[in-house]
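Work through the exercises below with the sequence and the model side by side. Try each task before reading its solution.

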Amino acid sequence: MRQLIIRLFVLLAVMITAGCGFHPRGTTQIPAEMKTLIVSTGDPYGPLARTVRQQLRLNNVRIVDDTKDARATIPTLRLGAERQGRDTASVFISGTTAEYSLVMTVTAQVLLPGKGIYPISTTVYRSFFDNPNAALAKDAEQDKIVQEMRQRAAEQLVRKLLVVHAAQESHKDTLPEPEVIVPGESPEVPSSSATSLQ
């Protein structure tokens with residue numbers, strides 16, 4: 001009888017957490033149209049690309065190879081630059097730097113076939129205490145902080161896929177209708193030599 005009550009309690013707890021929208025830390029509800037993605041980057045084996053791929057897999061996104069046929073139907077996450085910088089946040093009495101403010105900015109684009117290109121970016125801030133008496137430990141600590149910042153930036157990029165989906169849904173009518181040309185008829189040429197899509 002006691003085991004039955006424990007099982008019912010566990011089942012009830014699982015149902016409550018599933019019903020309230022609870023998700024494990026670091027996971028996001030990815031839109032259905034982006035459950036399969038192409039990840040395009042100039043440095044496919046770099047730390048940013050590896051971290052973003054890991055974060056996508058954690059969110060049950062299937063990553064496929066970049067081929068011409070796949071590009072026509074599957075959204076592409078095109079990773080841009082990862083920029084790092086640091087500014088002095090505080091100084092010792094002697095005038096040397098005591099604390100740095102580290103900044104990492106990552107840019108990307110989401111290409112939705114037949115719908116448009118959506119730029120996304122994220123910026124992560126962290127502070128870093130400079131200890132001039134422990135140079136090796138300082139470098140190792142800074143490397144670890146940069147890895148954590150990259151992980152956080154990847155999580156935020158994946159979360160921004162929801163923003164892209166919402167923007168695409170709210171601007172469905174902005175793309176022009178496809179032009180139909182009947183064989184034997186010459187299409188009308190507009191007076192302007194160039195057109196732009198907004």
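**Exercise 1: a residue in a loop**

N60 is placed in the loop between α2 (47-58) and β2 (62-64). Helices (H or I, at least four residues) and strands (E, at least two) are DSSP runs, numbered from the N terminus. The model is a predicted one, in which local features need pLDDT of at least 70 and side-chain atom pairs count only at pLDDT 80 or more, while totals for chains, interfaces and linings use all residues. Residues are numbered from 1 along each chain as its sequence is written, and side-chain values use heavy atoms, with hydrogens and water left out.

Task: Describe the backbone of N60 by its phi, and state whether N60 is buried or exposed.

Solution.
- Step 1. The phi of N60 is positive, about 60°, although N60 is not a glycine.
- Step 2. Buried means under 20% relative accessible area, exposed over 50%, and partly exposed in between (1.4 Å probe, protein chains only).
- Step 3. N60 has a relative accessible area of 60%, so N60 is exposed.

**Exercise 2: the whole chain**

Task: Give the number of helices and strands in the chain, their order, and the share of buried residues.

Solution.
- Step 1. The chain has 4 helices and 5 strands.
- Step 2. Read from the N terminus, the order of elements is α-β-α-β-α-β-β-β-α.
- Step 3. Of the 198 residues in the chain, 29% are buried.
- Step 4. The accessible surface of the chain is about 14,000 Å², and carbon and sulfur atoms hold 56% of that surface. Such areas come from the Shrake-Rupley method with a 1.4 Å probe; for residues, only the protein chains shown count as cover.
- Step 5. Contact means heavy atoms within 4.5 Å. Among contacts in the chain with a separation of 6 or more, 67% are between residues 24 or more positions apart.

**Exercise 3: salt bridges**

Task: Find how many salt bridges there are, then examine the pair E33 and K115 and the partners of E155.

Solution.
- Step 1. Side chains of opposite charge can pair when their charged atoms come close. The rule used here asks for a side-chain nitrogen of Lys or Arg within 4 Å of a carboxyl oxygen of Asp or Glu. The count by this rule is 6 salt bridges.
- Step 2. E33 and K115 form a salt bridge through their side chains, at 3.2 Å from N to O. E33 is in the loop between α1 and β1 (36-40) and K115 is in the loop between β4 and β5 (116-129), so this pair ties together parts 82 residues apart in sequence. E33 is partly exposed because its relative accessibility is 26%, and K115 is also partly exposed, at 34%.
- Step 3. E155 forms a salt bridge with R152, with the closest N and O atoms 3.7 Å apart. Both residues lie in helix α4 (residues 135-170), 3 residues apart, which is about one turn of the helix.
- Step 4. E155 also forms a salt bridge with R159, where the closest N and O atoms are 3.8 Å apart. E155 and R159 are 4 residues apart in helix α4, so about one helical turn separates them. Salt bridges with shared partners join R152, E155 and R159 into one network.
- Step 5. E155 is buried, at 14% relative accessibility. R152 is partly exposed at 37%, and R159 is partly exposed at 38%.

**Exercise 4: a strand residue and its contacts**

Task: Locate T107, and state which residues T107 is in contact with, leaving aside neighbours within four places in sequence.

Solution.
- Step 1. T107 belongs to strand β4 (residues 97-112). Its relative accessibility of 23% makes T107 partly exposed.
- Step 2. With neighbours within four places in sequence left aside, the contacts of T107 are L79, G80, A81, R83, I120 and S121.
- Step 3. T122 is 15 residues from T107 in sequence, and their C-alpha atoms are 6.7 Å apart in space.
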